[in-house]
Amino acid sequence: MITNKKEFFKEIIKSLLKLTIAGVFIGVLKKYDALIAVVLLLKTIHIIYKEIIKSKTTKNWLLLIGMLLTCFGGIVGENWGVANVYWKYHEINKALPLWLPFAWMLAFYYLYKLERNLFPLLTNQSQRNKIILALLLASILPAFGEIITIYLGVWTYYWPYQIFGVPLYALICLIFVHMLVYTILHFICKKYNINDLVFN
């Protein structure tokens, strides 16, 4: 199923390392809400500049659409979850931290980039195999990142059926948001004949 296992697992390890750094960064600086927001905003701007504005070949507008859709879906879900006391952010003087929209946008980019790097390593790059891999990545990696921030006291879930502080319901919500955006972008590619390694 995988053409180059060494490269495949190297990409996974790199991603886990990035998640760990991001989780520790947010966890350690959780009191400095605005500072985290500025850093994540700058990272978001850098990605948009690199992938869209600076690109001399293909302007990857799908990436920006995916980031915005994920941000919208994520913030709607965050407001719903906090309002119903399914989870709570700590050490901030408002319901939601300022950095949250950028975290959702970067989460999409993180998964998109990983999928873009891993899909070519699949022996059979069928839509079915891509979806299976995308589902696995969306169920494992965000949960790993959440475990770090939860243990560093950024937020607490009050839903039951938890594994290392991450409830099953939250995992389902994360997968749903990612796969909904994935499906929307797949149909955009189909309708407008856009060639994208991840969504075709």
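## The second largest pocket

The second largest pocket holds about 270 Å³ of space (on a 1 Å grid over the protein atoms alone, a pocket is an open set of points where a 1.4 Å probe fits, with protein on both sides within 12 Å along at least five of seven lines; lining residues have an atom within 4 Å of a point; a volume is the space filled by probe spheres set on the points, which are joined across faces, edges and corners). Its lining has 15 residues, and Thr58, Asn60, Tyr112, Asn195 and Asp196 are the closest to its centre. Helix H3 supplies the largest share of this lining, three residues (helices are DSSP runs of H or I, at least four residues, and strands runs of E, at least two, numbered from the N terminus).

## Basis of the model

This is a predicted model, in which local features need pLDDT of at least 70 and side-chain atom pairs count only at pLDDT 80 or more, while totals for chains, interfaces and linings use all residues. Residues are numbered from 1 along each chain as its sequence is written, and side-chain values use heavy atoms, with hydrogens and water left out.

## Helix H5

Serine 139 lies in helix H5, residues 127–151. Serine 139 is buried, with a relative accessible area of 18% (buried means under 20%, exposed over 50%, partly exposed in between, with a 1.4 Å probe and protein chains only). Beyond its neighbours within four places in sequence, serine 139 contacts Leu171 and Ile175 (heavy atoms within 4.5 Å). After H5 comes glycine 153, with a positive phi near 80°.
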